[in-house]
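Work through the exercises below with the model open. Each task is followed by a stepwise solution.

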Amino acid sequence: MIEIVFLMIFFLFVFPFVLSYVLALGKERLNIDLNYTKNPRYFAVSFRKKITRALTLASEISKHSRIEVQLSKKEYIKYGKFNNLTFNLFPNHIYVITNRSFTIKKGTVIKKEIYALYDLVIEDDCFLRAVACDGNCTIHNDVVIVRWIDAVKSLKVGSGCSLGVVGSSEGNLHIEAKNIFTRLYGHPITTYGVKDETPKEFSLIIEQTIRENPVEFEGIKSQPIYIKGDIFSDEDIKLKNVIVEGTIFSFKDIYLENVVVGSPDRKVSVIGEKIILGKNVKIYGYVQANIKCGRIE
């Protein structure tokens with residue numbers, strides 16, 4: 001009888017807890033979709049492939065043509081060079097912009113995707129669904145991206161912006177203060193005030209991976225703490241004036257200020273429930289918070 005009661009207690013209370021903890025060590029606890037995190041630029045890469053294929057299959061391409069493409073549903077493309085007067089004439093079309101440099105003017109609202117084959121500037125107060133840019137992309141202030149934005153060369157973001165599901169760049173992704181995000185990817189990602197200074201001395205060198213609850217380190221600005229391993233925690237992680245070679249992972253919140261994570265030769269990840277990046281942060285790789293729980297202070 002005692003054995004039966006014990007088994008009932010185990011399966012009703014203990015086993016579900018153990019199972020949930022094991023699952024939490026994977027993707028479920030932080031709601032991470034591994035299909036996307038394997039390639040942080042997943043949306044943009046997939047979008048470009050489909051658009052390029054549609055353009056290649058089109059029999060005749062001109063700025064007056066309407067090209068069909070199958071995304072999540074059938075869409076239409078307007079392809080060519082545009083000016084300020086013609087850009088908003090086809091609100092239900094995806095724009096593929098061939099201008100060597102193009103500026104989306106202040107206050108523009110576009111409900112479909114935009115694909116710039118060269119450099120792109122987005123002025124203040126624009127509201128855009130998704131943006132792919134094969135050159136350098138510059139976003140001014142108070143811009144809202146509903147889904148994603150990706151640049152091949154570099155992405156520079158002003159202040160007060162919302163970057164949707166993911167903001168990414170093959171090159172440098174630079175972000176000013178007062179922005180919100182969910183996922184970021186850049187090589188590197190940098191925040192405002194970043195300086196390329198190599199410290200001559202360290203206040204402390206830690207050789208191994210850190211597993212603590214919580215984690216808090218604050219070095220001296222001119223002599224930061226140098227952590228050669230990864231940092232894992234079930235609680236908050238707070239770092240200031242620190243260099244970390246490896247990945248930073250928390251089941252709760254992460255705060256970074258005057259911190260370098262990874263290196264040009266080592267792409268890493270910073271993953272937490274809520275992530276706050278202060279000034280002078282440089283991350284080589286990938287950042288993921290829960291939905292819109294990332295913030296640049």
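**Exercise 1. Which residues does L256 touch, not counting residues up to four places away in sequence?**

Step 1. Apply the contact cut-off: heavy atoms within 4.5 Å.
Step 2. List the partners. L256 touches L239, I248, V261, V270, I276, L277, G278, V281 and I283.
Step 3. Note the ground rules. The model is predicted, so local features need pLDDT of at least 70 and side-chain atom pairs count only at pLDDT 80 or more, while totals for chains, interfaces and linings use all residues. Residues are numbered from 1 along each chain as its sequence is written, and side-chain values use heavy atoms, with hydrogens and water left out.

**Exercise 2. Describe the largest pocket.**

Step 1. On a 1 Å grid over the protein atoms alone, a pocket is an open set of points where a 1.4 Å probe fits, with protein on both sides within 12 Å along at least five of seven lines; lining residues have an atom within 4 Å of a point.
Step 2. Read the volume, the space filled by probe spheres set on the points. The largest pocket holds about 700 Å³.
Step 3. Locate the centre. Among 27 lining residues, K195, E197, P199, N258 and V260 are the closest to it.
Step 4. Assign strands (DSSP E runs of at least two residues, numbered from the N terminus). Strand 20 (237-244), strand 22 (253-261) and strand 25 (281-288) each supply at least two lining residues.

**Exercise 3. Which element gives the most to the lining of the second largest pocket?**

Step 1. Read the volume: about 250 Å³.
Step 2. Find the centre. Of the 13 lining residues, S46, K50, L71, S72 and R147 are the closest to it.
Step 3. Compare contributors. Helix 3 (42-57) and strand 9 (144-151) each supply at least two residues. A helix here is a DSSP run of H or I with at least four residues.
Step 4. Conclude. Helix 3 gives the most, with 5 residues.
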